[in-house]
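I opened a notebook page for this structure. My entries follow in the order I looked things up.

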Amino acid sequence: MTKGKRLSKFAIAERKAWKFYQEWRKTGSKSPAFSDELVCVTRLGWNHLLDSRKRRTKKEKIRRFQALPHAKKLLETATTVQEYREKDGISYWAFVAIMNGMQIKVIVSAKNKQKCFLSVIVLR
């Protein structure tokens with residue numbers, strides 16, 4: 001960082017979220033909904049949060065960054081899946097909960113057998 005330059009709110013939120021995400025990637029999350037199977041946390045999930053093709057506003061990305069710790073907690077405590085679907089050979093599971101007054105949806109995907117965190121969505 002250059003002396004005298006202030007980081008934007010987005011840059012600060014992204015750095016904090018990336019630091020959290022890197023730590024989460026080291027361990028993943030055991031999910032009771034999947035009989036304590038390990039849900040991996042990969043670069044795919046991070047890229048999905050930042051995907052420019054999705055046309056997410058910076059405010060939306062910040063909300064998702066801030067929801068990451070809640071997404072981790074939800075994966076590690078949820079015992080039931082709220083939604084399930086398959087598309088093009090990929091399975092998707094969704095968990096929905098209110099965490100700290102914020103309603104979130106966490107998406108897990110699996111192309112083969114390994115389940116991985118894909119995204120967190122802050123619902124209105």
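**Notebook entries**

I looked up Asp 88 and found it exposed, its relative accessible area being 71%. The model is a predicted one. I then placed Asp 88 in the chain: it sits in the loop between β3 (83–87) and β4 (90–99). Its phi is near 55°, a positive value in a residue other than glycine. I noted for reference that most residues other than glycine have a negative phi.

I went on to Asn 100, where phi is near 50°, again positive in a residue other than glycine. Asn 100 lies in the loop between β4 and β5 (102–110). Is Asn 100 buried or exposed? Asn 100 is exposed, at a relative accessible area of 72%.

Next I turned to the whole protein. I listed three helices and six strands. In sequence order I read the pattern α-β-β-α-α-β-β-β-β. The radius of gyration is 15 Å, close to the 14 Å given by the globule rule for 124 residues, so the protein is as compact as a globular protein of that length. Along the principal axes, the C-alpha trace spans about 50 × 30 × 30 Å.

I checked burial and surface. Buried residues are 42% of the 124. The protein exposes about 8100 Å², and carbon and sulfur atoms supply 50% of that area.

I looked at contacts between residues at least 6 apart in sequence: 49% of them join residues at least 24 apart.

Last, I looked at charge. I found 29 positive and 10 negative side chains. The centres of these two sets lie 10 Å apart.

Methods: Residues numbered from 1 in each chain as written. Predicted model: local features only at pLDDT ≥ 70, side-chain atom pairs only at ≥ 80, totals over all residues. Heavy atoms only, no water. Helix = DSSP H or I, 4+ residues; strand = E, 2+ residues; numbered from the N terminus. Rg over C-alpha atoms; globule rule 2.2 N^0.38 Å. Buried < 20%, exposed > 50% of the residue type's maximum accessible area, 1.4 Å probe, protein only. Contact = heavy atoms within 4.5 Å. Areas by Shrake-Rupley, 256 points an atom, 1.4 Å probe, with all protein chains shown as cover. Lys, Arg positive; Asp, Glu negative; His and termini not counted. Charge placed at Lys NZ, Arg CZ, Asp CG, Glu CD.
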